[in-house]
Amino acid sequence: TFDPAIIRRDHGQGVFQQTFLQFADRMVGGARIPNGLAKMKQHAATFAAVEKKYGVPAPVLTAFWGLESDFGANFGNYKILSALATLAYDCRRPDFFRQQLLDALRIIERGDQRVDEMIGDWAGEFGGLQFTASDYLKNAVDFDGDGRRDLIHSIPDTLASGANFLVTLGWHRGEPWLQEVRVPHNLPWQETDLTITHPRSQWVAWGVRAAHGAALPSDDMPASMILPMGRHGPAFLAYRNFQAFLGWNSAMVYSTTVADFATRLAGAPAFDHSGAKTVVPLTTPQ
């Protein structure tokens, strides 16, 4: 059935008007970090098996799991087929959603899910990692061996499918993804762009240093500089694994938040808030 409320949601995605500080503090605040650490401990054996096969560490998968569905506690309350049929009929991207609708039917036809269980987000994502139907069809794996690719009820299937998806998006085993750094006032700011990479040795030569822990290695590992709130806000070096985060969700504020959340789960402290508090956010027209 056509649902006008879904079209209103599609036209009013105000979340991306928030600053990185506002979005990250809201999404990673409260109990998210302790709950994520508890989930990593509770499912340690599954995480270890997934990392052995796919090379994606537990903090990264846990960060996506936490932000996408609050570790499986909130899948959404929309009927996926109605949502996708509505968006396929009348939205900004009908061709995209027509493919999603057909792939959702293929998931049912394949026996992975039943219609009445496919409840999720207004935009058609569902399951513990809120996959689109097309991503589910292409990347879901049966990790618990029960014959179904079940990303709603099976935590092993959910985590392994997330890892498999990240590998298809270019994940490199054993490499970092994001690191908070301190930058000098005279950094060549024109070099701070995700499309520009330099070896870490060049960033070190320009005066960039690690925000926490050991000194930033002066080596050949390529990295880009991210300044999500400009030169006064927090600064991060983004490594090539960060591209997998962007492949999952192309919104920079989301991808940077989930990548930072993963570093927090891996032991890093909270990013520096001091300079960002004085930053005036851009308006939507700006």
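1. A crossing of two helices is called left-handed if the near helix is turned anticlockwise from the far one by less than a right angle, and right-handed if clockwise. In these terms, the crossing of α3 and α12 is right-handed. The model under discussion is predicted, so local features need pLDDT of at least 70 and side-chain atom pairs count only at pLDDT 80 or more, while totals for chains, interfaces and linings use all residues. Residues are numbered from 1 along each chain as its sequence is written, and side-chain values use heavy atoms, with hydrogens and water left out.

2. The contact of α3 with α12. Helices (H or I, at least four residues) and strands (E, at least two) are DSSP runs, numbered from the N terminus. Helix α3 (residues 32-42) packs against α12 at an angle of about 65 degrees, and their axes lie 10 Å apart. Axes here are lines fitted to C-alpha atoms, for helices over the stretch in contact, and angles run from 0 to 180 degrees between N-to-C directions. On the α3 side, Arg32, Ile33, Gly36, Leu37 and Met40 meet Phe261, Arg264 and Leu265 of α12, contact meaning heavy atoms within 4.5 Å. The residues of this contact divide into 5 nonpolar, 1 polar and 2 charged. In this count Ala, Val, Leu, Ile, Met, Phe, Trp, Tyr, Cys and Pro are nonpolar, Asp, Glu, Lys and Arg are charged, and the others, Gly among them, are polar.

3. The sheet. Five strands form an open sheet in the order β4-β6-β7-β3-β5, with antiparallel pairing; two strands pair if DSSP finds at least two bridges between them. The edges are taken by β4 (198-199) and β5 (209-210), each of which has a single partner strand, so one side of each is left without a neighbour in the sheet. Helix α12 (residues 252-265) packs on the sheet and touches β3, β6 (222-226) and β7, its direction making about 90 degrees with that of β3.

4. Pairing around β3 and β7. Strand β3 (residues 178-182) is joined to strand β7 (residues 235-238) by 4 bridges, and the two run antiparallel. Within this pairing, valine 181 stands opposite alanine 235, and glutamate 180 stands opposite phenylalanine 236. Valine 181 also stands opposite alanine 210 in β5, where 2 bridges join the antiparallel strands β3 and β5. On the β6 side, β7 pairs in the antiparallel sense over 3 bridges, with methionine 225 opposite leucine 237.

5. Burial of β7. In a regular strand the side chains alternate between the two faces of the sheet. Both faces of β7 are covered, Ala235 and Leu237 being buried on one side and Phe236 and Ala238 on the other. Buried means under 20% relative accessible area, exposed over 50%, and partly exposed in between (1.4 Å probe, protein chains only).

6. Burial of α6. Helix α6 (residues 80-89) is mostly covered, with 7 of its 10 residues buried. These are Ile80, Ser82, Ala83, Leu84, Thr86, Leu87 and Ala88. Their cover includes α1 (4-11), β1 (78-79), α7, β2 and α8.

7. The whole structure holds 13 salt bridges, each defined as a side-chain nitrogen of Lys or Arg within 4 Å of a carboxyl oxygen of Asp or Glu. One of them joins aspartate 95 and arginine 98 (3.2 Å, N to O). Aspartate 95 is exposed at 59% relative accessibility, whereas arginine 98 is partly exposed at 43%.

8. A salt bridge between loops. Arginine 149 forms a salt bridge with aspartate 112, the closest N and O atoms being 3.6 Å apart. This pair links distant parts of the chain, 37 residues apart: arginine 149 lies in the loop between α8 (133-139) and α9 (155-168), and aspartate 112 in the loop between α7 and β2 (119-120). Aspartate 112 is buried, with a relative accessible area of 1%, whereas arginine 149 is partly exposed at 27%.

9. The side chains of arginine 114 and aspartate 116 meet in a salt bridge (3.7 Å, N to O). Aspartate 116 is exposed at 57% relative accessibility, and arginine 114 is partly exposed at 48%. Through shared partners, salt bridges join Arg114, Asp116, Glu117, Arg148 and Asp150 into one network.
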